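Subject: Structure handover

Hello,

Please find the structure we spoke about below. My notes on it come after.

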Amino acid sequence: MSFLKTLKKIGDAVIEEGRRQQSKRMRDGSRNPTTGRKEVPTVGGMTYREWESRWQYAGRLDSMDLSPYSSYVGLYKAELGGRVMYVGRAIEYSNGGIRKRLSDYTRESDSARKHTSGRLMHANAADLEIYLLLVGRDEEAAQATRQLERYFIGKYSPQWNKMLR
């Protein structure tokens, strides 16, 4: 293995460990240096642990009914064989929401398949189990979704999200 490949491998491992640690700190909180009390951060009025318990199974990507999710923003996670492969967000609450974002992976045009992860979502649509985390229907929910996405990517360390680096 060349020196640069070794260096890249080490760098990737350091970044990955940093993401895991950041995700753990976000979930568990930290001590306030002034008061000494533990402070658990919230997003959209709930802790990360509370958000974590709200994932709901929606079906297989190629056959799920997306119509109820047209105005919702939130996260989706794609599992293949029980393993989280990708965590994505849908933040366009006034333009089709989660319905539009997920349908991009299954329709004929390649609008969602410009990146490797999108091509993999499309190629594996029949086998991907999709879980949704509905956050809301407005700009505040879109902001919360951005924060939650960072947390859940750090928590699950999905293989297909890593391909975007």
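This is a predicted model: local features need pLDDT of at least 70, side-chain atom pairs count only at pLDDT 80 or more; totals for chains, interfaces and linings use all residues.

Residues are numbered from 1 along each chain as its sequence is written, and side-chain values use heavy atoms, with hydrogens and water left out.

The protein has 6 helices and 8 strands (DSSP runs numbered from the N terminus: helices H or I of at least four residues, strands E of at least two). Of its 165 residues, 41% are buried (under 20% relative accessible area, 1.4 Å probe, protein chains only).

Helix 4 (residues 116-123) has Ser117, Gly118 and Met121 buried. They sit on the same side of helix 4, because they cover an arc of only 100° around the axis (taken from the directions from the helix axis to the C-beta atoms). Their cover includes strand 6 (73-80), strand 7 (83-90), strand 8 (129-136) and helix 6 (159-162).

An open sheet of 4 strands has the order 5-8-6-7, with antiparallel pairing (two strands pair if DSSP finds at least two bridges between them). Strand 5 (56-60) and strand 7 are at the edges with a single partner strand each, so one side of each has no neighbour in the sheet. Strand 6 and strand 7 are joined antiparallel over 7 bridges; Gly74 has Ala90 in strand 7 as its bridge partner.

Regards

Key: Buried means under 20% relative accessible area, exposed over 50%, partly exposed in between (1.4 Å probe, protein chains only). Contact means heavy atoms within 4.5 Å.
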